[in-house]
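Subject: Structure for your files

Hello,

Please find the structure below, followed by my notes on what turned up in it.

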Amino acid sequence: IIGTLSRMLKFFIKKGYIRSNPCRDIDPLRKVDTDPRYTPTKHEVERVINHLDGWKKTMVMLAAGTGLRISEILALEWGNIKGDTISVEASAVKGNIGTPKNEYSQRKVRVDKRLKVRLQEMRLQLLASNSCS
């Protein structure tokens, strides 16, 4: 954030809007080492899900409950969902839908009952809102 702000302020200096960049005087934040392989516990995931609603909740439930990549979730269509099975057939990257990451990415994934119900409710809400239009 500080780097981005500093670049913006450098631009403002060039344009003559300001004389100096106050970001130079900010000490960088202390780096915290984390385990890149950290996986949240079921309890941690449930806490996140309980604080979400709408499509955000569905996205997190899909990612946590199926292991789908975000690019795979974004490329899903209702036709990919049949009962308790999701067919992963595409991937969305930078707004473009194309083939999945690799040959093993095209697969069928089962969802638990809770996620199945969530997806059914979401689809019904979407159908109801489209029929009212």
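I2 has a relative accessible area of 33%, so it counts as partly exposed. Please bear in mind that this is a predicted model. I2 lies in helix 1, which covers residues 2–15. Together with I26 and L29, I2 makes up a nonpolar surface patch, and the accessible area of the three together is about 300 Å².

Strand 1 (residues 81–82) is joined to strand 2 by two bridges, in the antiparallel sense. I81 has I86 of strand 2 as its bridge partner. The hairpin formed by strand 1 and strand 2 has two residues between the strands, and G83 in this hairpin adopts a positive phi near 60°.

Strand 2 and strand 5 (residues 107–110) also run antiparallel, with four bridges between them. Here V88 has R107 of strand 5 as its bridge partner.

As for the side chains of strand 2 (residues 85–88), T85 and S87 point one way, while I86 and V88 point the other way. In a regular strand, side chains alternate between the two faces of the sheet.

Regards

Methods. Residues numbered from 1 in each chain as written. Predicted model: local features only at pLDDT ≥ 70, side-chain atom pairs only at ≥ 80, totals over all residues. Heavy atoms only, no water. Patch = residues over 30% accessible without salt bridge, like charges linked within 9 Å, V, L, I, M, F, W, Y side chains within 5 Å. Areas by Shrake-Rupley, 256 points an atom, 1.4 Å probe, with all protein chains shown as cover. Salt bridge = Lys/Arg side-chain N within 4 Å of Asp/Glu carboxyl O. Buried < 20%, exposed > 50% of the residue type's maximum accessible area, 1.4 Å probe, protein only. Pairing = 2+ DSSP bridges.
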